[in-house]
Amino acid sequence: MDLRFTPEEVAFRDQMRTFFRENIPADIRNRLGSGRHVNKEEWVESQRIMNRHGYAVPHWPVEYGGRGWSPIQLYIYNEEMMSENCPTPLPFNTHMVGPVIAAFGTEAQKAQYLPRIANIDDWWCQGFSEPGAGSDLASLKTKAVREGEEWVINGQKTWTTLGQWADWIFVLARTNPEARKPQEGISFILVDMKTPGVTVRPIQLIDGDYEVNEVWFDDVRVPYGNLVGTENRGWDCAKFLLGNERSNIARIGASKARLRRIREIARSVPAGDGALWDSEAFRHKVAAVEIELKALEMTQLRVVAAERDHGNKPNPASSILKIKGSEIQQATTELALQMAGPFALAYHDSNEEIPEGRNDLPDGFGWADTAAPEYFNYRKVSIYGGSNEIQRNIIAKAVLGF
Amino acid sequence: MDFEYSDEQRMLKDSIDRLIGPAYDDLGKRKATQAQGPGFSEELWSKYAELGLTALPFSEEDGGFGGGPVETMVVMEAIGRGLALEPYLASIVIAGNLLRLGGTAGQREACIPKIADGSLRVAFAHVERQARYDLFDVGTHAKKTDHGYTIEGDKSVVLSGDSAQKLIVSARTSSASRRDHHGITLFLVDADAPGISRRDFPTQDGQRGAAISFAGVDVPESAIVGTLDHGGELIAHVIDIAIAAVCSEAVGAMTSLHALTLDYLKTRKQFGVPIGSFQVLQHKAVDMFTALEQARSMTYFAAMMATSDDPRERRRALSAAKVQINNSAKFVGETAVQLHGGIGVTMEYRAGHYFKRLTMIQSLFGDTDHHMRIVDHAGGMLETV
C-alpha cells in the first residue's frame, strides 16, 4: 500500500496544470470559475485548443486519437482541467457518442464522425429521456420505422441538454414494438438536427437560464445507415455509454475550485466588525465539506487504482461516486448561497447585455449574482445520469445483494 | 498509488482473523472473558505475542518487526471486526510507540523484549479532568529532586490502566502555564510504585480503564521518556498514530456491523416477506455502505499520513480522518441499531456491542468539534497532499 503519486505522475500533473493555465484563455476560465456559463463559441474554442494538442479525447482508443494513458493519468488530466476551471470537452461528443461509434460503429461511420466529434465540428446532444421515460428509460416510446433505405422517426425527447446549440442528436428509438422485454427492440440512431421534422423548444430552468430542451420528431427521415451497432440492440450502446458517464461523475476538481473561491471571497464579505470568514460556524461548514471531499478523492483514487490493476471489473466503491459527488457539489453551492447572504436576491439575466455605460450589476457584489442561480441549477446533479435514488437501487442490487 | 495489501500484510490479516474470530464470535464466551482476570484473555494475549503482533511496531534492532501504520491498520481492523478485548491499542500502539520513538536505549532494552513476549503491558497516563481533548493541558507536575523527580497529580481515563505493570505518565517539568506545549515530560514508572493509587472501572464498551493518582511518586532521571520538557511533540505524534489505529478499528467494526445488518434484513421476515425487500430499508443499508467506504478511504489517508515528518500536515490529516470516522461511525452505528429493531438495543446480540464501541471511539482522542477546529485552524483540506 502506497498512496502517493509516483514522480512521473507528479510530473504529469504539473504538465497538465501548466497546459490548461497557459493554453485555455483566462477569460473563459474566469467566467466558469465565477459560476457563469460559457457560450457555445467559448466552449468550442476551448475544446479545439485541447484537440490541437491531443487533449480532447485522450481516453479514446489510440487509433482514433486516444493517448493510451493509464486510468491514473486520465484521472489527473480530468481533475486538473476542472480545478483550473476549464470547460470540459463536450461530454455528449467525447464521452457519449464518440466512444459508442468507436466501439459499435462501422469503419465508414468512424471515419465520417470521429474526427469531427473530437474537434467539435459537430455539436452533439443526447436523445434519451422522454416525457414518459425518465428513470425508467427502457419504457421510451419514440418510434423509428424502416421504410426502404430510410428510418422514419416519430416521437418526443426531453431534457436534451444544450440541444439548442446542437448539430446532431443521437436517439434511442423503438424499432421493434413486439420485442419480449422493453430493453429489446431499441436502436441507436444518429439524426442531423437540420432534418425536416425536427423541432427544438428550449426549457427555462429555475436558475433563469436555458440549458435543456424538448425535441420533437415529426416524420423525420434519416438514412438507414445512421443506425449505430445492430438493429434492436441499441440498449447495449446505451448501457456502454452510461458506464462511460460514471467515470467523471464525482467532479472532485470542480468542487475544489468552488471551495477555493468561497475561501477567498468570504474573507472580504463584510459581517459585523469583520468578515464572514471570522465566523467559526461558517468556517466549520466549509471544513466539513472539504473533509468529505478529501474522503471522496481517496475513494476515487481507490477506484482508479483498481481500474489500473484489474481493468474494468466493477468496483463496489465506484457506485458511491455519483451519490457523494453530487451531494458535495450541491453542498458547495449551498455554501456560496449562504455566503452571498441578502445579496443573492438580485436577479441578473446572464443572457442580457449590460447597458452601455454600466459594468456593474443592479445591486450587491459582483460575485453574488451567480450564487442563487448556481444553487438552483445544481439541484440537477442528483437527478441526471440516474437519480441518486436510482443509484441507491443499483447499489442495493449489485453490491449489497438485495 | 497502490491500495492493496502486500502478501505479507494479507497473511498477517488472515492469521489474526483466525486468532480473534473464534475467540469472540460467541457473546457468552466474550462476557465470561470480560468477567475474569484483567477483563481480557491472557491466553489470547500470549497468542498475539506468538504471532508477533505485540512486537509489530518496534524496530528490528530492538527485537521488533518494524511494522508501520499499514500493519497496525491490519491488526486494528481485525480487532474491530472481532470485538476483541485485548489492550492492543493502549499497550502496543500507544505505549509501544511512545517507547519506540522516545525510549532511551536502556528503557527499550528493559521493556521491549518483555512487551514483545507478552509478559509486560504498559499504559499511558495522560488525560486529566480539566484537559478534555487538549493534549498539552497537563496539570500534573514533576518537581526536580536530588535523585530525580517527584510526580504529583491525578490522571483520568487511563485506557487499560487497571492491569498494566508499567505506566508512562505525563507531567509538567517547566513553564508556568498549564496549557503550554513546552515543558511537558514523560516518565516511565512501575504501576505499583509507592504513591500511586488506582481506581479501576469497566468501560461502556466492555473494556477497562483506571483513574490513577500520583501522590509524591519518586522517579530517577533515567525514567524520562523522550527529552526533558519536549514530551508534547512526542505525545502529539503518538496520539496521531493512535487516531489512525482507532480509525482502522472503527472501519473493522463498521464492516462487520454492516454485514450483520444486511444479513438481518435478508432473513428477518415481517408481513410475509424479508424486510430487506422494502426499498426504504435498502436505501438505509446503501447509505451505511457509503459512510463505511468514505471512512475506509479516509483511514487509508490516515495510515499514510501517520508517518509524516511534518507535524502540521500530520495533525491536519489525522484530524480530518477522525472527523470522517466519527461521522461515519455515528451514522452506521445508529442506523444498524434502528434497522435491527428491538434486538439491536439488547446486550444479547452483537449489533449493540459494535454500536457501543463505535460510540466510544467517537469520544477517544478528540470528538468531531475538536478536530474540526484543528482542520479549520490548519487552513482546511484543499491544499493537502
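The following conversation walks through the structure for a reader who is new to it.

Reader: What kind of model is this, and how are its parts numbered?

Author: This is a predicted model, in which local features need pLDDT of at least 70 and side-chain atom pairs count only at pLDDT 80 or more, while totals for chains, interfaces and linings use all residues. Residues are numbered from 1 along each chain as its sequence is written, and chains are lettered from A and ligands numbered from 1 in the order in which they are written.

Reader: What scores does the predictor give the complex?

Author: The complex has an ipTM of 0.96 and a pTM of 0.94.

Reader: Which domains does chain A have?

Author: The assignment gives domain 1 (7-89), domain 2 (124-232) and domain 3 (249-349 + 360-398) of chain A. Such bounds come from an automatic or database domain assignment. The C-alpha centres of domain 1 of chain A and domain 2 of chain A are 30 Å apart.

Reader: And which domains are assigned in chain B?

Author: Chain B is assigned domain 1 (7-120), domain 2 (123-230) and domain 3 (232-377). Between the C-alpha centres of domain 2 of chain B and domain 3 of chain B there are 30 Å.

Reader: How many residues of domain 2 of chain B are in contact with domain 3 of chain B?

Author: In domain 2 of chain B, 15 residues are in contact with 13 residues of domain 3 of chain B; two residues are in contact if their C-beta atoms, placed from the backbone, lie within 7 Å. The side belonging to domain 2 of chain B has five nonpolar, nine polar and one charged residues. Here Ala, Val, Leu, Ile, Met, Phe, Trp, Tyr, Cys and Pro count as nonpolar, Asp, Glu, Lys and Arg as charged, and the others, Gly among them, as polar.

Reader: Turning to the two chains, how many residues of chain A are in contact with chain B?

Author: Contacts join 35 residues of chain A to 31 residues of chain B. On the chain A side, helix H8 (252-266), helix H9 (280-310), helix H10 (319-340) and helix H12 (388-398) each give two or more residues. Helices (H or I, at least four residues) and strands (E, at least two) are DSSP runs, numbered from the N terminus. H9(A) supplies the largest share of that side, 15 residues. By class, the chain A side has 22 nonpolar, two polar and eleven charged residues.

Reader: What does Leu3(A) touch?

Author: Leaving aside neighbours within four places in sequence, Leu3(A) is in contact with Met1(B), Tyr300(B), Phe301(B) and Met304(B). Leu3(A) is found in the segment before helix H1 (7-23) of chain A. With 19 other C-beta atoms within 10 Å, Leu3(A) is partly exposed. By the cut-offs, a residue is buried if 20 or more other C-beta atoms lie within 10 Å of its own, exposed if 12 or fewer, and partly exposed in between, with C-beta atoms placed from the backbone.

Reader: Which residues are buried in helix H2 of chain A?

Author: In helix H2 (residues 26-33) of chain A, Ile28(A), Arg29(A) and Leu32(A) are buried. They line one face of the helix, because they fall within an arc of 95 degrees seen down the axis of H2(A); the arc is that of the directions from the helix axis to the C-beta atoms. What covers them includes helix H3 (40-52) of chain A. Ala26(A), Asp27(A) and Asn30(A), on the other side of H2(A), are exposed.

Reader: How many residues are in the largest nonpolar core?

Author: That core has 181 residues, and those with the most contacts inside it are Ile168(B), Phe187(B), Ala242(B), Ala250(B) and Ala302(B). A nonpolar core is a set of buried Ala, Val, Leu, Ile, Met, Phe, Trp, Tyr and Cys residues joined through C-beta atoms within 7 Å. Helix H7 (residues 231-267) of chain B gives the largest share of this core, 19 residues. A second, separate core of 51 residues includes Val171(A), Ala173(A), Phe217(A) and Val228(A).

Reader: Where is Asp219(A), and is that residue buried or exposed?

Author: Asp219(A) lies in strand E7 (residues 210-223) of chain A. Asp219(A) is exposed, with 10 other C-beta atoms within 10 Å. Although not a glycine, Asp219(A) has a positive phi of about 50 degrees.
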